[in-house]
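Look over the sequence and the model before reading on.

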Amino acid sequence: MRKTIVKLAVLLFIVASCQTKNEKPSENQLLLATAWYQQSAEMRACYYQSYLMARLALAENLKNYTGSKPTAVVLDIDETVLDNSPYEAHLVANGCPFTNNDWKLWTDRSEGLPLPGAAEFINFARQQGVDVFFISNRKIDERQSTLRNLEQAGMAVDSAHLLTREPSKSSCKDDRRNLVAANYEILLFVGDNLCDYSSLFEKRDQSLALALADSMQADFGTRCIILPNPMYGEWENAIYDYKYDATRSEKNQMILNRLRQ
């Protein structure tokens, strides 16, 4: 009898394993990504590690700089210095997609918490006499709530050092980067999306810019620090071939088509 029970248990385990392998991705792709971002010690370690590397890179670049312009660092905001994962958790819990209106309701609250290591890095940069600029795709009507949130998070900045997105402009940050570069030598970029560093990574084709990242590997850790964000970004849009209106089932299939086995 005992052997029969053991055999049955093994059979059930095998069946369950096969079913697991054949499961489709979660109907909500944000579920596991948001859980990792909020609940894993590894996420915090990645941020501390990245901002330590940012300090080292900035100090090295500053030491080697021989130009006459004042120096600057450029940071993104969302998932770079402020944690918006509660908004992503809201989308998961309510089964709703991202909308600009819902996003603004979140940013109006100015409740994004500082990400690990961000405030310390910003303070370090300023102590070295380096100007800190934030270039964000938050819109003009989010400026005041963003300034308030940064202040509450220990990263106060004046309005001149916050460059938000103009209503008629695309999300490309080149124009705003160029505005800073006209008067400052930008020693370092920090962001959670490679588009925060270069517009070359925007509107990726089906190669997903993987080879481009390989070709620019010397920049990462020296000119550019990239932070982990599995919840959203240009990488996801590229997998979906920028078909924002695709159904969840279609997006699931596009993800599956990309996975290596």
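## The sheet and its helices

Strand β4 (residues 131-139) and β5 run parallel and are joined by 3 bridges. This is a predicted model. Phe134 has Leu162 in β5 as its bridge partner. Lys139 stands opposite Arg165 in β5. From β4 the chain passes through α7 to β5, a right-handed β-α-β crossover. Helix α7 (residues 143-152) lies across both β4 and β5, at about 140° to β5.

The pair belongs to an open sheet of 5 strands with parallel pairing, in the order β5-β4-β1-β6-β7. Which strands stand at the edges? They are β5 (162-165) and β7 (224-226). Each has a single partner strand, so one side of each is left without a neighbour in the sheet. From one strand to the next, the twist averages 20°.

Strands pair through backbone hydrogen bonds.

Which residues of α3 are buried? They are Met43, Tyr47, Ser50, Tyr51, Ala54, Ala57, Leu58 and Asn61. An α-helix has 3.6 residues a turn, so residues three or four places apart point the same way. The cover over the buried residues of α3 includes the helices α2 (30-39) and α6 (118-127). It also includes the strands β1 (71-75), β6 (185-191) and β7.

Key. Residues are numbered from 1 along each chain as its sequence is written. This is a predicted model: local features need pLDDT of at least 70, side-chain atom pairs count only at pLDDT 80 or more; totals for chains, interfaces and linings use all residues. Side-chain values use heavy atoms; hydrogens and water are left out. Two strands pair if DSSP finds at least two bridges between them. Helices (H or I, at least four residues) and strands (E, at least two) are DSSP runs, numbered from the N terminus. Axes are lines fitted to C-alpha atoms, for helices over the stretch in contact, and angles run from 0 to 180 degrees between N-to-C directions. Contact means heavy atoms within 4.5 Å. Buried means under 20% relative accessible area, exposed over 50%, partly exposed in between (1.4 Å probe, protein chains only). A crossover is right-handed if, with the strands pointing away from the viewer, the path from the first strand over the helix to the second runs clockwise.
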